[in-house]
Every structure is written in structure tokens, then in C-alpha cells.
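Here are some notes for you to read alongside the model.

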Amino acid sequence: MNTVVDTALIQALDREHFLHPFTDFKDLATRGARVITKAENIYVWDSEGHKILDAMSGLWCVNVGYGREELASAAYRQMMLLSYYNSFFQTTNVPAVQLAAKLAALAPEVGGRSFRHVFYSSSGSESNDSNVRMVRRYWDLLGQPQRKVIISRNNAYHGSTMAGASLGGMSGMHAQGDLPIPNITHIEQPYFYELGQPGESSAEFGLRAARWLEEKIIETGPDKVAAFIAEPVQGAGGVIIAPDSYWPEIQRIVDKYGILLISDEVICAFGRLGYWFAYEKFGYRPDLVTFAKGVTSGYIPLGGVMVGDRVATVLIEQGGEFNHGYTYSGHPVACAVALANLELMEKENLPGRVRDDIGPYLARRFTELGEHPLVGLAETCGFMAGLVLVRNKATQEAFKPELGVGMLCRSHCFRLGLIMRAVGDRMIIAPPLVMTHDQIDEMIALIRRCLDATLADLQ
Ligand code: PLP
């Protein structure tokens, strides 16, 4: 395939016509966008021929790595057989059914709760909108329509639609468009590094952070609370990993008040944390599980909700018609690609590799970066990781936000051939799950060079 591109021409057309997501349009126009033209395994190339190690798997999604023939041919075969049909009006299609059965088989039963049903969308954001619709419908059908409030967490990310951005706890998003919408409220995130108190252990902090949920339920009125939504590990918020004591206490609280638990696993499912679904790792029992991204390794858009028996039974037995759905719910090509993706992940045992092999290896190599003079903390969970850039390692003093040290580090990463993401001064990664030990070493060496270059700039 010809990948030679006239960079200046593409940048000019980009500037003229393309409004990018989460982008300062004017600022991008002055710099010109980086044009990515091809990708293979864990690397992407830009139009100038630079090879870049993609430690973010695109946007946390390319779990099986780039350029997998199996996924491309599954799409081709399905497009030639049945390129599209909808699942409205009592129709279905073979890949959508097979994928639903496959996902139900992969989702482990916990505490007598199983997942036998799937509701499809095309993205994580849409899936969380579907969650809001399903949660409200569930409580309406049970004769408790006053249960409307969904509790989420500050700095969470649950998507960019009106409901998704409202469920999320990003202040920058709430500041635009009068968000959150009514009946969504937030508690503080379980971020020990920032919110732990002097002398408090991480286990004590985990309990205290979970109890913010109980306080919020009581403040709101227990009979008004419908659900609690959370990411197993907060991804876009900066790879925020809750202490081990957090989830059991959250489970105790949601059980005590009978509210639904939504596990937003758009990033964390499909091997990212070493399991098909992340709730298995932490041992909690969600009623609804949001998925997207890794289900197709990002090769084609697909998302959905695993609907646990508690909710599914009420929607099915008492619900009548559910007035909600999308043109692309159960898209046959997307579902065929997802099936090929999951088959490949099974064949290559990617969740098991993360759990027993490359996850522990990444943990060892990444935490070594904690010795770097710029790094105040370096931690991993499965195959995602974050480190904090600090001004003073001994006192953990942070840089002034206006210095933009994270963004400075990120630009060194690009220059040196590495994609890392900056969330404030937290530098984060979530690499493809096919990485070898040698590639992990290569990535760590690159990160070190980027940290050195950032440090040199600051001196
Ligand atoms: N939920 C979580 C946890 C996410 O990380 C994301 C995207 O990063 C979303 C929802 C939204 O997914 P999408 O961008 O596919 O709408």
C-alpha cells in the first residue's frame, strides 16, 4: 500500500475542515497536526517516516497490536456476506448473537450474579447513556421512580455525550455546556497519593474513600439513589489505582443500600488488568458492566453493556418494549471483528500473559523509574501504569501547574519516538498486550530518555 503522503497538504486540509475532539482548534491550526499513516504491532509511523512506540495502544484500545490480518479478514468476509442489518423489529444477525453468547461465557459469575445478556452500542459514551436509561427503567419498573440519582467520582471519565460527560467527573468538561445534567452527583476519587493524610496507611485511606459513598448516599437520601458508577482503575484521570481495601467496602455499601453497581470497564476489560473483566480481579459484584475499546482492539467501533441478571430479569419480565437503541446496535461487521479479536486474545492467552508474565515484568521495570530524580511515584496495575513528575523528590513537592511539565515531557516523548499521555504531571501508559519483554525494556529506556530530557530543560 502506498503510504507516501504530502504532509503539508494533509495538514492544510486538516486545518480547513477537521474539528478534532478534545482540541484547541486555533492552537492546532498554528502547529499542524501530526499525520499518522501506518502502524504495525506496537509501533506507528508518521507521514515524515518517524517510527513511534505507541505506549498508549491508540486510546487504550489496540490490545492485540496493530495490523492483525485475522481482524481485517473477518471484517472483509462479513462485509461481503452481510455488510449491515439492524437488530430492531424482531430481527437479529449471526455475529451479534454469537458475540453476545461469547461475552456471556467470558464474564465470570460472582456471588451468584451472572451476566447472560448484552446491550450493544458503538462506543463507551453511548453505552453509559444506555446505562442511565436502563438504571432508570429498572427502578421505574420496580415501583421506585424516585430512585434517580447516580453517584460517580471526581476525575472519572465515562464518555463525552451529555450523560457520559455528566457521569464523568472532569471539571473542564462540566464547565462547558451546563453539566452535569440533573440527578448525577460525585464523590472524591480514591487517590491516596494526593488525598491520603499524614500518618494514614493506604488501607485506611481506601476505607475512608469508600465511605465517602456512604456519606453521599445518606446526604442524598438512600431512597433516591439509583446506582454508583466507577472505573476499576481510573484511566483518563491518570491511572488512579484504588487501595485494595476500597472495593470490598464499596461492595458492602452498595449492598447495604440496595443500589446498583456499574463497573465501567471500557479500558479495563479484555485483558488490560489480566482478566477478561476487571471486576474479577477486584472481586466486586457489578450489576452492569460497560465495555467498548478492547472488545475489537479498536479496529472498528463497538461498545455495549453486560446486563447482569438482577437488571435483565426485570427489564425482560416486567418491561414491555424498551424504547432505546441505536442504528448500529449489534452491527454484524463490528461483532464479527470482535469475535475474531476475542479468538485471537484467547489463542495468545493475552489476559493470562498480562496476569502472569508481562504484567509483573512491566511492574518491575516501570517501578524502577521511581528512582529517577523527577519521579515522585511510579505504579502499575496489570498493563497500565502511571508516574508522577515532582519538583522535589524528598518532599514530593509538585511543579506549578502553569509550567506544564507533563506536556513538556510528552513533547519530548514524541520527539524521541514514544507515545505517552500526560494528565497534569502524571505520565501514563497502557501499551498493547502483545508486548515482549524486549519491547518493555525498549519502552522503559525511551521513558528514561524522555525524563532525562525533561529534567535537563528544567535545570
Ligand atoms: N468510559 C471509560 C472508562 C473510558 O475510558 C472511555 C473513553 O476513554 C469512555 C467511557 C468513552 O468511550 P468512547 O470514547 O468510546 O465513547
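**Notes on the predicted model**

1. Ala-269 sits in the loop between strand S8 (260-264) and helix H12 (278-282). Helices (H or I, at least four residues) and strands (E, at least two) are DSSP runs, numbered from the N terminus.

2. What does Ala-269 touch, not counting residues up to four places away in sequence? The partners are Trp-276, Phe-277, Ala-278, Phe-291 and Gly-294. A contact here has C-beta atoms, placed from the backbone, within 7 Å. Pro-232 is 37 residues away from Ala-269 in sequence, with a C-alpha to C-alpha separation of 9.2 Å.

3. Before going further, a word on provenance. This is a predicted model, in which local features need pLDDT of at least 70 and side-chain atom pairs count only at pLDDT 80 or more, while totals for chains, interfaces and linings use all residues. Residue numbers start from 1 along each chain as its sequence is written. The average pLDDT (the predictor's confidence in each residue, from 0 to 100) is 97 for the protein chain, and 99% of the residues score at least 70. The model's ipTM is 0.99 and its pTM is 0.98.

4. On the overall fold, the protein chain has 17 helices and 15 strands. Its radius of gyration is 22 Å, close to the 23 Å that the globule rule gives for 459 residues, so the chain is as compact as a globular protein of that length. The radius is taken over C-alpha atoms, and the rule is 2.2 Å times the number of residues to the power 0.38. Along the principal axes, the C-alpha atoms fill a box of roughly 65 × 60 × 45 Å. Of the 459 residues, 47% are buried. Among contacts with a separation of 6 or more, 72% are between residues 24 or more positions apart.

5. Leaving aside neighbours within four places in sequence, Phe-228 is in contact with Ile-151, Leu-213, Val-254, Ile-259, Leu-261 and Ile-262.

6. Which residues come nearest to the ligand? Of the 16 around it, they are Ser-123, Gly-124, Ser-125, Gly-159 and Val-266. A residue is counted as near if its C-beta atom, placed from the backbone, lies within 6 Å. Helix H6 (residues 124-141) gives the most to this shell, with three residues. The shell divides into six nonpolar, eight polar and two charged residues.

7. Arg-137 counts as partly exposed because it has 19 C-beta neighbours inside 10 Å. Beyond four places in sequence, Arg-137 touches Leu-315, Gly-319 and Phe-322. Val-311 lies 174 residues from Arg-137 in sequence but 9.4 Å away, C-alpha to C-alpha.

8. Finally, some backbone geometry to inspect. Most residues other than glycine have a negative phi, and most peptide bonds are trans. Trp-60, in helix H3 (residues 57-60), has a positive phi near 65° and is buried, with 24 other C-beta atoms within 10 Å. Ser-297 has a positive phi of about 50° and belongs to the loop between strand S9 (288-291) and strand S10 (303-308). A cis peptide bond, with omega about 0°, joins Leu-179 and Pro-180.

How values were computed. Two residues are in contact if their C-beta atoms, placed from the backbone, lie within 7 Å. Ala, Val, Leu, Ile, Met, Phe, Trp, Tyr, Cys and Pro count as nonpolar, Asp, Glu, Lys and Arg as charged, and the others, Gly among them, as polar. A residue is buried if 20 or more other C-beta atoms lie within 10 Å of its own, exposed if 12 or fewer, and partly exposed in between; C-beta atoms are placed from the backbone.
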